[in-house]
Amino acid sequence: MKAIVFERNGGPEVLQYKDVPVPTPGPNDVLIQVKASACNFNDIWARRGLPGMQIILPHISGSDAAGIVVETGSEVRNVKVGDEVIVHCGISCRQCDYCTRGEEFFCRDFKIWGFQTGPLDGAHGEYCKVPAANILPKPKNLSFEEAATMPLVLVTVWRMLVTRAQIRAGDFVLIWGAAGGLGVMAIQVARLYNANVIAVASSDDKLELCHQLGANYVLNRKKQDVFAEVRKITAGKRADIVFEHTGADTWPISMQCLKWGGTIVTCGATSGFDAQMDIRLLWNKQQNYLGSHLGNKGELVDAMRFVESGQIRPVVGEILPLKQMTRAHDLIENGKIAGKIAIVPNSA
Ligand code: NDP
């Protein structure tokens, strides 16, 4: 089958479109013909290489897939050949104390599929194999392209806002990168909870998208002083929740923008890991700084109900053929895309 493979870390030039064997499913796995996958920011991290984290080489990235089951392992009961499916990308043992408590991300064997797995084991090929436990039915109201761009960002946002930050009606929620993959979901989840969304992005086009998705206020971080605007919008009280994933560049502003007793929830650091903070704010203002990582399958199932009802919709900014993965990386790495990129193999 054709796949996008890299054999060493580096720039986009390490991505090769080449032939690799079709994966062989184990007894508890399913083999999926990939109709569409997504390009996520973790594909960029994997390609670049991350200090302190092993990227198994040769590597096929891709943590989201939508497709058709073409083979099932001998022990698989929950899925059958011909089913249209999507994938939850949290791989874990499903037996330990953490897994059975719904805390699969604390499992000693936890890995994000297509990011930490391998060799040659992600969605950026014509076929992929995953444990049957990680399969969910594709929502009938979505195309394969739409469905492929949803699970990773949706489960991450749901855990960040609903489980961790415990969003409530009326909250002011400041969302960085609001037209990005996480951002477009964060706007919709926050609006689902009747929160007041303050969306931040770097261009007026992106802000128009945020507005269409329901953002109550939009801020262009290139032209406006985000802190001053948040104070104005909230009559000086500042945000109840700051949705962070942008890291070093925005962290000090996120702290400024947070109200006394408010919550910053973060899952990433696109602009850098070494953020500055004045820890006096933690106790003086009794603020909450929460980390969040992916989410469990149950959280994804909870969130998907609102996709099936049409209250949350995928935002596909671009559909690209598999062989143009370099372009997908360029668009994401340089902030040139609003919403998500769906990737379509030739055979789809
Ligand atoms: P995208 O590339 O789709 O969007 C990121 C957005 O961040 C861009 O739209 C850009 O918006 C904004 N941004 C980038 N640099 C800066 C900056 N210096 N200052 C302010 N805003 C900036 O990525 P995702 O939304 O999919 O992911 C975002 C981050 O979250 C990544 O680092 C990713 O690895 C991480 N992540 C972590 C997960 C986890 O489970 N731990 C899961 C999913 C993602 P604009 O320039 O318009 O302001």
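Pro119 sits in the loop between strand S7 (111-112) and strand S8 (127-131); helices here are DSSP runs of H or I with at least four residues, strands are runs of E with at least two, and both are numbered from the N terminus. The peptide bond that joins Gly118 to Pro119 is cis, with omega at about 0°. All of this comes from a predicted model, in which local features need pLDDT of at least 70 and side-chain atom pairs count only at pLDDT 80 or more, while totals for chains, interfaces and linings use all residues. Residues are numbered from 1 along each chain as its sequence is written, and side-chain values use heavy atoms, with hydrogens and water left out.

Another cis peptide bond links Leu57 and Pro58, with omega at about -10°. Pro58 belongs to the loop between H1 and strand S4 (65-72). Over in the loop between helix H7 (226-233) and strand S13 (239-244) there is Ala235, whose phi is positive, near 50°, though the residue is not a glycine. For background, most residues other than glycine have a negative phi, and most peptide bonds are trans.

On to helix packing, starting with H4 (residues 151-164). Its axis and that of helix H5 (residues 181-192) come within 9 Å and cross at roughly 50°; axes are lines fitted to C-alpha atoms, for helices over the stretch in contact, and angles run from 0 to 180 degrees between N-to-C directions. That makes H4 oblique to H5, given that angles under 35 degrees count as roughly parallel, over 145 as roughly antiparallel, 65 to 115 as roughly perpendicular and the rest as oblique. The H4 side of the contact (heavy atoms within 4.5 Å) includes Val153, Leu154 and Trp158, and among the H5 residues are Gly181, Leu182 and Met185. Sorted by class, this contact has 12 nonpolar, two polar and no charged residues; Ala, Val, Leu, Ile, Met, Phe, Trp, Tyr, Cys and Pro count as nonpolar, Asp, Glu, Lys and Arg as charged, and the others, Gly among them, as polar.

H4 also meets helix H10 (residues 297-308), with axes that come within 9 Å and cross at roughly 105°, so H4 and H10 are roughly perpendicular to each other. Leu154 and Trp158 are among the H4 residues in this contact, and H10 brings in, among others, Leu300, Met304 and Phe306. The class tally for H4 with H10 is nine nonpolar, one polar and three charged residues.

Helix H1 (residues 41-48) packs with helix H11 (residues 325-333) at an angle of about 105°, the axes being 10 Å apart. H1 and H11 are therefore roughly perpendicular to each other. Phe41, Asp43, Ile44, Arg47 and Arg48 of H1 touch His329, Ile332 and Glu333 of H11, a contact with three nonpolar, one polar and four charged residues.

As for the ligand, 22 residues surround it, and the closest are Trp45, Gly181, Ser202, Arg221 and Leu294; a residue is near a molecule if one of its heavy atoms lies within 4 Å of it. A polar side-chain atom of Arg221 lies 2.6 Å from an oxygen atom of the ligand. For Leu294, a backbone N or O atom is 2.7 Å from a ligand oxygen atom. Lys206 places a polar side-chain atom 2.9 Å from an oxygen atom of the ligand.

Methods. A polar contact is a pair of N or O atoms within 3.5 Å; within protein, one must be able to donate a hydrogen and the other to accept it, and residues adjacent in sequence count only if both atoms are side-chain atoms.
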